[in-house]
Amino acid sequence: MGKREPYEPSHRISKLDDSPTRVFKKIGPKTIDFSIGQPDFGTPDHVKEAKIKAIRSDLDSRYAPIEGLPKLRSLIAEDYNEVYGLKLTEKNVFITTSGSMALSLLASSLYEPGDKVVTPNPGFFAYKGHIVLAGASQIPFRISEDKGFRMDVDDFHTLCRTVDPEYLVINSPSNPTGAVQPRSELEEIVDICREHKVGIISDEVYDTMIYNGGKHTCLRELSKDAIVVNSFSKRYGMCGDRMGFIIGTEEQLKAVKRVQTYRNVCAATEPQYGGIAAFEEKELTKKIQAEHRELYQKRRNLTVDGLRDMGMSCHMPEGAFYAFPRYPSTMMSKDFEALLLKEADVNVVAGRGFGRYGEGHIRISYATSEENIKEGLTRMKIFLENLH
Ligand SMILES: Cc1ncc(COP(=O)(O)O)c(C=O)c1O
């Protein structure tokens, strides 16, 4: 075999899927867009002010420490200790340039080529990419609607006995289903992981969005070795700031630091000051989050009622801001998505983009106004009536 052509993308790249939510589509000014996974409330004012102040004081002209500003890290540790009864210090917190980068740093610092990493399917599309880029193998774990889109504990136990994976990625509340895994089942999953020496990465970026007064379980409460990924994007409406964090043991975070040194050096300085304000003025922040949660819950009910009313089966999501209905047609979800946009000017995401077991579903983000939700649902209902 001769030398390969220069500039040809690496073999790994060919295994990566495009983002199901960032594909170029013809969206007009009247399109109702249910595709975007970002809060529509903007960044809270006190967080914005802190960012502006950091820029004015020229703090932004400097690099932050590799692991993030010590004050931010210790505020996060304190908050986790208070909310989840943990005993973290700043040494257990690592600031990253997003939840996505947190997943990427962890993949590079933990996975060996050939490792088997179990991810929920349907699940957040990017898990596979991080696994592939690290040379590891993704093991899709089927999540079914008839089990409320929760991981089935017995099936997971069987998978551990047969496939013997190295890692499990958990995501509760889930993107794209909105499902929340109950604490008792998480405890069982942690026990199984312990028995089979499976490391856990718990993606908890929707932890502040659980409805009907439900309380989030942080995996770190159940296992002192489980690694938690979180983000400022959904918690604080800071998607554009690209900032996230990892909770881990000092040893785990030392490995992450080595990777961060080469990949980013550090997260941007200005949003870290915004993050400090979010945690420092915590009463205000939590009040704002509670108000948003209440609005999301109203929108969720409106969305699910409307979808069921037009003949879709739809699990009532317990968290996040997504509904994942099954549509009443044998059409492939990519085709359904395209036709719905063309005929009804409603933009959703095909379930297939979240893995093969997402086929037959669409993801609807209800992080948009009630007015948009009502209009979008009306259009979808007419679309479905004309489809039969
Ligand atoms: C489940 C899940 N994890 C991680 C992320 C990454 O978020 P970010 O990179 O904005 O921090 C997202 C974003 O949509 C997500 O849905």
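How many residues of domain 1 are in contact with residues of domain 2? In this predicted model, 39 residues of domain 1 are in contact with 41 residues of domain 2. On the side of domain 1 that touches domain 2, helix 12 (282-309) and strand 9 (322-323) each supply at least two residues. The greatest contribution to this side comes from helix 12, with nine residues. Sorted by class, the side of domain 1 that touches domain 2 comprises 14 nonpolar, 14 polar and eleven charged residues.

The two domains divide the protein chain as follows: domain 1 consists of two segments, 11-43 and 285-383, whereas domain 2 covers 45-284. The centres of domain 1 and domain 2, taken over C-alpha atoms, are separated by 24 Å.

The overall form of the protein chain was then considered. A compact globule of 388 residues would have a radius of gyration near 21 Å, and the protein chain agrees with this expectation because its own value is 21 Å. The C-alpha trace spans about 60 × 55 × 50 Å along its principal axes. Of the 388 residues in the protein chain, 48% are buried. The protein chain contains 14 helices and twelve strands. Among its contacts with a separation of 6 or more, 74% are made by residues 24 or more positions apart.

The ligand is surrounded by 13 residues, of which S98, G99, S100, S231 and S233 are the closest. The shell around the ligand includes nine polar residues, three nonpolar residues and one charged residue.

Conventions:
Residues are numbered from 1 along each chain as its sequence is written. This is a predicted model: local features need pLDDT of at least 70, side-chain atom pairs count only at pLDDT 80 or more; totals for chains, interfaces and linings use all residues. A residue is near a molecule or strand if its C-beta atom, placed from the backbone, lies within 6 Å of it. Ala, Val, Leu, Ile, Met, Phe, Trp, Tyr, Cys and Pro count as nonpolar, Asp, Glu, Lys and Arg as charged, and the others, Gly among them, as polar. Helices (H or I, at least four residues) and strands (E, at least two) are DSSP runs, numbered from the N terminus. The radius of gyration is taken over C-alpha atoms; the globule rule is 2.2 Å times the number of residues to the power 0.38. A residue is buried if 20 or more other C-beta atoms lie within 10 Å of its own, exposed if 12 or fewer, and partly exposed in between; C-beta atoms are placed from the backbone. Two residues are in contact if their C-beta atoms, placed from the backbone, lie within 7 Å. Domain bounds come from an automatic or database domain assignment.
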